[in-house]
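Here is a quick briefing for anyone meeting this structure for the first time. Have a look at the sequence and the model, then read on.

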Amino acid sequence: TGGAHAILPDTIDGSPGIFLGLFAHPTSDLRPETAETFTFGFDYGDDANDFRLGATFYSIDYTDRIGLPPEGGLNPFADPSLLPDIVYRAPSVAFIEEALQATQLLANFSGVDVTDPQAGAAALYALPNFWIYDSRFKNLAVSRQTGIDYSISKGFSLPWADLQLGVSATNILSYDQKASDTSPTVASVDRPGQPPDWRIRG
């Protein structure tokens with residue numbers, strides 16, 4: 001199925017622990033994503049002066065958006081209850097064994113031999129502070145974005161050429177995501193790995 005895993009030590013929920021990180025592959029129950037979009041705006045043009053100005057409000061509401069569970073700038077290892085879809089206790093030995101078999105090992109600093117996935121899974125599950133760090137692609141429960149696109153341009157006639165100057169910008173007003181019905185809604189703008197609230201292009 002592709003993807004990778006790593007078994008690493010870290011401080012989890014305030015105590016030294018080990019986690020199995022799952023990366024770069026989708027969950028087995030992935031569904032197609034859809035979206036409802038809504039836009040309205042205006043465009044103004046002055047042909048005599050070769051001037052254009054426009055602004056468009058947009059709203060995108062995804063259903064089953066495919067993405068990584070959003071962390072919203074929080075540290076899921078500090079308090080796993082804040083982001084229960086990202087850091088959680090392994091549900092079973094079988095879950096661990098399947099992950100070890102289905103994905104490629106990147107690193108193992110746990111001290112547990114996982115050469116035999118069945119025995120390794122049982123040994124990891126028996127650790128007193130063992131967790132799953134789930135960074136797989138999944139269907140998000142909520143993914144909504146609103147914003148405004150701006151554009152302005154002006155043309156100039158010079159003796160040797162016609163010159164067109166313009167600037168466009170996008171202001172993301174809100175970008176809320178939620179991994180599942182039991183996880184919190186987090187802001188996904190101006191966060192590491194997420195878009196800034198302003199983008200300007202000239």
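Which residue forms a salt bridge with Arg136? Asp134 does, and the closest N and O atoms of the two are 2.8 Å apart. (A salt bridge here is a side-chain nitrogen of Lys or Arg within 4 Å of a carboxyl oxygen of Asp or Glu.) Keep in mind that this is a predicted model: local features need pLDDT of at least 70, side-chain atom pairs count only at pLDDT 80 or more, and totals for chains, interfaces and linings use all residues. Residues are numbered from 1 along each chain as its sequence is written, and side-chain values use heavy atoms, with hydrogens and water left out.

**Overall build**

- The chain has two helices and 12 strands, where helices (H or I, at least four residues) and strands (E, at least two) are DSSP runs numbered from the N terminus.
- Going along the sequence, the order is β-β-β-β-β-β-α-β-α-β-β-β-β-β.
- The radius of gyration is 24 Å, while a compact globule of 202 residues would come out near 17 Å; it is taken over C-alpha atoms, and the globule rule is 2.2 Å times the number of residues to the power 0.38.
- A box of roughly 80 × 40 × 30 Å, taken along the principal axes, is filled by the C-alpha atoms.
- Of the 202 residues, 38% count as buried (buried means under 20% relative accessible area, exposed over 50%, partly exposed in between, with a 1.4 Å probe and protein chains only).
- Among contacts with a separation of 6 or more, 67% come from residues 24 or more positions apart; contact means heavy atoms within 4.5 Å.

**Salt bridges**

- The whole structure holds four salt bridges.
- In the Arg136 pair, both partners are tucked away: Arg136 is buried at 15% relative accessible area, and Asp134 is buried at 7%.
- Asp64 pairs with Arg31, with 2.8 Å between the closest N and O atoms. This one links the loop between strand 4 (51-63) and strand 5 (65-67) to the loop between strand 2 (15-26) and strand 3, 33 residues apart. Arg31 is partly exposed, at 40%.
- Asp85 and Lys138 meet in a salt bridge too, at 3.7 Å from N to O. Asp85 sits in the loop between strand 5 and strand 6 (87-88) and Lys138 in strand 8 (residues 130-140), so the pair ties together parts 53 residues apart in sequence. Both Asp85 and Lys138 are buried.

**Aromatic rings**

- There are nine aromatic pairs in the whole structure; rings of Phe, Tyr and Trp (its six-membered ring) pair if their centres lie within 6.5 Å, and planes under 30 degrees apart count as stacked, over 60 as edge-to-face and the rest as tilted.
- Tyr150 and Trp198 are stacked, because their ring centres are 6.0 Å apart and their planes are at 15 degrees. Tyr150 lies in strand 9 and Trp198 in strand 12, 48 residues apart.
- Phe19, Phe23, Phe77 and Tyr133 make up one aromatic cluster.

**On the surface**

- Phe42, Tyr44, Leu53, Tyr150, Ile152, Val167, Trp198 and Ile200 form a nonpolar patch with about 770 Å² of accessible area together. Strand 3 (34-46), strand 9 (142-157) and strand 12 (198-201) each give two or more residues to the patch.
- Patches are made of residues with over 30% relative accessible area and no salt bridge: like charges are joined within 9 Å, nonpolar side chains (Val, Leu, Ile, Met, Phe, Trp, Tyr) within 5 Å. Accessible areas come from the Shrake-Rupley method with a 1.4 Å probe, and for residues only the protein chains shown count as cover.
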